[in-house]
Amino acid sequence: MTSDIIRGHTETIILAHLLKKDSYGYEINKTVKEKTNNLYEFKEATLYCAFKRLEENGLITSYWGNQTTGARRRYYKITEDGKKTYERNLEDWKQTKKIIDKLI
Amino acid sequence: MDKVKNYVEELFNNTPKTSRVLDLKNELIMDLSEKYDDLIKDGKKESDAYKEVISSIGEIDELISSINNDYIINDNMLKTKRKTALVVSISVGIYILSLIAVIVLSELELPDYIVVSSFFTLVGIATCMIVYHFMSLPKYIKNDETIVEEFKEWKNKNSKKSEIKKTINSIIWTLTVIIYLLVSFSTMAWHITWIVFIIASLFEQVVKLIMAMKE
């Protein structure tokens, strides 16, 4: 399985997850793994690079969560710009999929 | 589990200890520990779980170096800021001292030329310090494209502004010298006309303030 194509959509996948609820790195990755039946999961470095870029571009923000058990975690939250970007990326992907399906 | 933590600590060994880097390190340790625990819960052997966790980190070097770059620029700017603050405050101190010197030396009834020349020496030292500092500000060159672009933009804007400021300053001081000579020669009140320079200095500060407030 070529992961390059998936990696190109890392940010959109993160945004999609954050649309449902605020979350942290490992939780997002765990969901990715579960949803794909263990077929795919991100490398930590890929995930954090994406977080950094998303935050710099104002698509997500982060805050320290209050966890009663264990250590405090950094949670990520999607912004309004992030939601717009997600919608746009989703449309792009639908178009791309249509085209690729016709061509190969 | 401590093995995972140690591994991450080692990865971050040569990185600057900024809050951002520490945050990232802690985040990574927490995520990987949770992953490790989950793998153990799933019945994996400790050594296998450790291997899987480590291999899941991926290419972290790029991320660390990008944070390093941010840090180097910020650090340089911070140092420059501190140095600027120091130079400016010392210079202002010398300016004030020069006025005190004039008063004290006049009270001691020393000849005017000593009073005036000590005043100009002190003012000259302070001015030289400021000019030297701002002329010798370091240039920032960094690999990160976006930061470089931002910085160039910022620097261009600033150099345009400082160009205007320099021109205004030279106009003020040339005018001051002309007024000083004109007034002094027409009134022959050389003992008091030097006050023009203090007024000019004040005027210069006021102009600076107005420009800063307009920004």
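## Charged pairs, a surface patch and nonpolar cores

Within helix α5 (residues 80–103) of chain A, Lys83(A) and Glu80(A) sit three residues apart, which means that about one helical turn separates them. These two residues form a salt bridge, with 3.3 Å between the closest N and O atoms. Please keep in mind that this is a predicted model. The notes below go through the charged pairs first, then the nonpolar surface and the cores.

**Salt bridges within one chain**

- Over all chains, the structure holds 17 salt bridges, and the pair Lys83(A) and Glu80(A) is one of them.
- In chain B, a salt bridge joins the side chains of Lys44(B) and Glu52(B), at 3.2 Å from N to O.
- Lys44(B) has 37% relative accessibility and so counts as partly exposed; Glu52(B), with a relative accessible area of 24%, is partly exposed too.

**Charged and polar links between the chains**

- Arg73(A) and Asp31(B) meet through their side chains in a salt bridge of 2.9 Å, N to O.
- This pair crosses between chains: Arg73(A) belongs to the loop between β1 (60–64) and β2 (74–78) of chain A, while Asp31(B) lies in helix α2 (residues 19–41) of chain B.
- Are Arg73(A) and Asp31(B) buried or exposed? Both residues are buried.
- Lys30(A), Asp38(B) and Lys41(B) are linked in a network of salt bridges.
- Asp23(B) is another residue of helix α2 of chain B, and its side chain makes a polar contact of 2.5 Å with the side chain of Arg74(A).
- Which residues does Asp23(B) touch, leaving aside its neighbours within four places in sequence? They are Trp64(A) and Arg74(A).

**The nonpolar patch on chain B**

- A nonpolar patch on the surface has about 1000 Å² of accessible area together, and its residues include Val88(B), Ile96(B), Leu108(B), Tyr113(B) and Phe134(B).
- Helices α4 (61–107) and α5 (112–135) of chain B each supply at least two residues of the patch.
- Which element gives the largest share of the nonpolar patch? It is α4(B), with six residues.
- Tyr113(B) is found in helix α5 of chain B, and its relative accessible area of 61% is why it counts as exposed.

**The nonpolar cores**

- In soluble globular proteins, nonpolar side chains tend to be buried together.
- The largest nonpolar core has 37 residues, and Ile14(A) and Phe51(A) have the most contacts inside it.
- Ile14(A), leaving aside its neighbours within four places in sequence, is in contact with Ile28(A), Leu47(A), Ala50(A), Phe51(A) and Leu54(A).
- Another core, of nine residues, lies apart from the largest one; among its members are Val115(B), Phe119(B), Val123(B) and Tyr180(B).

How values were computed
Residues numbered from 1 in each chain as written. Chains lettered and ligands numbered in written order. Predicted model: local features only at pLDDT ≥ 70, side-chain atom pairs only at ≥ 80, totals over all residues. Heavy atoms only, no water. Salt bridge = Lys/Arg side-chain N within 4 Å of Asp/Glu carboxyl O. Helix = DSSP H or I, 4+ residues; strand = E, 2+ residues; numbered from the N terminus. Buried < 20%, exposed > 50% of the residue type's maximum accessible area, 1.4 Å probe, protein only. Patch = residues over 30% accessible without salt bridge, like charges linked within 9 Å, V, L, I, M, F, W, Y side chains within 5 Å. Areas by Shrake-Rupley, 256 points an atom, 1.4 Å probe, with all protein chains shown as cover. Core = buried A, V, L, I, M, F, W, Y, C linked by side-chain atoms within 4.5 Å. Contact = heavy atoms within 4.5 Å. Polar contact = N/O pair within 3.5 Å; in protein donor to acceptor, adjacent residues only side chain to side chain.
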